[in-house]
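Please open the structure in a viewer and keep the selection tool at hand.

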Amino acid sequence: MVKIKIDGVEYEVDEKKNLIDATKEVGVEIPYFCYHPALSIVGMCRMCLIEIEGVPRLQAACNTPVKEGMGIITKSDRVKEARSGTMEFLLANHPLDCPVCDKAGECRLQDNAFGSGSGHSRFEFDKRNIPQEEIGTNLIINHNRCIVCYRCVRFEEEKVGESNLGLFERGNHSIIGLAKSEPINHNYQGALADICPVGALLNNKTLFKSRVWWYKSHKSVCHGCSTGCNVTTNVRDNKMYRYMVRENYDQGMFFLCDKGRFDLDWMNVNRLHSYLEAGNPSTSKEVISKIGERIRSAKAVAVLGGAHESNETLESLKKVFEQVSRELGGKSIQWESRVTDAQNKETEQVDFLLTKDNHPNTKGAIDLGITTNSGVSGIVSAVKSGAIDLVILLKESIPEGIDPSKVIVFDTNLTDAAKNASLAAPIQIFAESAGSFTNKNGLKQNFEQSMNPIKGLLSAAGVVDLILQTLTEKLEASVGNR
């Protein structure tokens, strides 16, 4: 840590950071467009100009490292005039289409124009007009809005490892466009739209869906794989609309892949809200009672899955299953949370964020000890031999080789497993309660409740607790009859 002066006030800041990040930590915001903490510094936008004591010319804060004893001025008339001039140039050709732009409400251009602009323009000529085009399988570029900050080009080259975009022409004719004949088709088209500060890059999947000020936002963790990227959920009318990146400087989390970002429809549609018997709707009383009887009469029970659940739900489930076992005289209940090959291996990356393990909490389940020595293949063999005659699935598919009549499913959606199983119970999705996931590196991260479950819909632990109550009541009744 070093001491520097910001507008005459002394602060202690991290000497490893540049001035934009260092001042932000102490509550002083320096406006910018092209800078990003996870990308190389190019100093193209000239929005972050500041004065440094003893230096005659204005300097860009993004490429200025922190030094002991330095003094900077961020609010002088000279600095304000320079920023206002920058904004005037950027807005000379920028269309005034904020009422229809999906970036409105979270646009850095709007924020900086309001905070550092002059409030009027001297540009009286026709603005340039270039037709927008689709440059990806889920990506549109509006050339008129682009301020050539070069963020998208740097992100692709430095993070994705591809060079699909480039800067073409010069001066007033400069545009960002495709450098290849094929459209962009990688797993980070959402990230390209995300890091664009002005709405020049947009995703078809979220275009015109909702205004950002209509969303209720909560801190959460992406469910798409074991990386555990930090996200902000955007919910409207109790439906999940968007995942947006929640930057985590300490863990170096700044981006989100498309697989996690856009895998949201299952939270809103095709939900399982009825208890099922042989694929047909039934009542909770009937199904819970029959599940209890099946567990009571089974020689041994296997539980498969659970890595989609939060640590808190898994802890509760583990305790309740242990109670069920004790109530039934120590009946064998084996629980294997690792149901895919990727869960049984060291982490394998698909790309720089996405892993092959599509479960957000495999590490948390392993840490809780809900695994077996033989793995899922051993359980399947035991079911085939008759040593285990009942399998409970927690939001997983029925493994090949297991008779569906021996399966009970707990699921959030009306899946093939829920339809084919002998009995099925609806459960909450992780976003309908608060909790935590443990990512591939063992980092435990909390998430907030984003959605409200429909009345009466329980968590997986709540369903098993109901089953335990049913078993306990029948045991007491049988004792009383004697």
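A residue is called buried when its relative accessible area is under 20%, exposed when it is over 50%, and partly exposed in between, as found with a 1.4 Å probe on protein chains only. The model is predicted: local features need pLDDT of at least 70, side-chain atom pairs count only at pLDDT 80 or more, and totals for chains, interfaces and linings use all residues. Residues are numbered from 1 along each chain as its sequence is written, and side-chain values use heavy atoms, with hydrogens and water left out.

**First stop: Arg338**

Select Arg338, which lies in the loop between strand S17 (332-336) and helix H10 (362-367). Helices (H or I, at least four residues) and strands (E, at least two) are DSSP runs, numbered from the N terminus. Arg338 counts as buried because its relative accessibility is 18%. Its side chain reaches the backbone oxygen of Thr372 at 3.1 Å; a polar contact is a pair of N or O atoms within 3.5 Å, and within protein one must be able to donate a hydrogen and the other to accept it, while residues adjacent in sequence count only if both atoms are side-chain atoms. Leaving aside residues up to four places away in sequence, Arg338 touches Gln343, Asn344, Ile366, Thr371, Thr372 and Val376, where contact means heavy atoms within 4.5 Å.

**Second stop: helix H3**

Select residues 108-116, which form helix H3. Which residues of H3 are buried? They are Leu109, Asn112 and Ser116. These residues lie on the same side of H3 because they cover an arc of only 70 degrees around the axis, the arc being that of the directions from the helix axis to the C-beta atoms. Helix H2 (77-93) is included in what covers the buried residues of H3.

Next, select Cys98 in the loop between H2 and H3. With a relative accessibility of 36%, Cys98 counts as partly exposed. Cys98 and Gln110 are twelve residues apart along the chain, and their C-alpha atoms are separated by 8.6 Å. Among the residues that Cys98 touches is Arg211.

How many cavities of 30 Å³ or more does the structure hold? There are three. On a 1 Å grid over the protein atoms alone, a cavity is a set of points where a 1.4 Å probe fits but cannot get out, and lining residues have an atom within 4 Å of a point. Grid points are joined across faces, edges and corners, and a volume is the space filled by probe spheres set on the points.

The largest cavity has a volume of about 100 Å³. To find it, select Cys146, Cys149, Cys152, Cys196 and Ala200, the closest to its centre of the 15 residues that line it.

The second largest cavity has a volume of about 70 Å³. Its lining includes Glu309, Thr313, Gln428 and Phe430.

**Last stop: two positive phi values**

Most residues other than glycine have a negative phi, and most peptide bonds are trans. Select Val148, whose phi is near 55 degrees, a positive value. Val148 is found in the loop between strand S7 (139-141) and helix H4 (151-160), and counts as buried at 18% relative accessibility. Finally, select Lys395 in the loop between strand S18 (390-394) and strand S19 (407-411). Phi of Lys395 is positive, with a value near 55 degrees.

Definitions and conventions
On a 1 Å grid over the protein atoms alone, a cavity is a set of points where a 1.4 Å probe fits but cannot get out, and a pocket is an open set with protein on both sides within 12 Å along at least five of seven lines; lining residues have an atom within 4 Å of a point.
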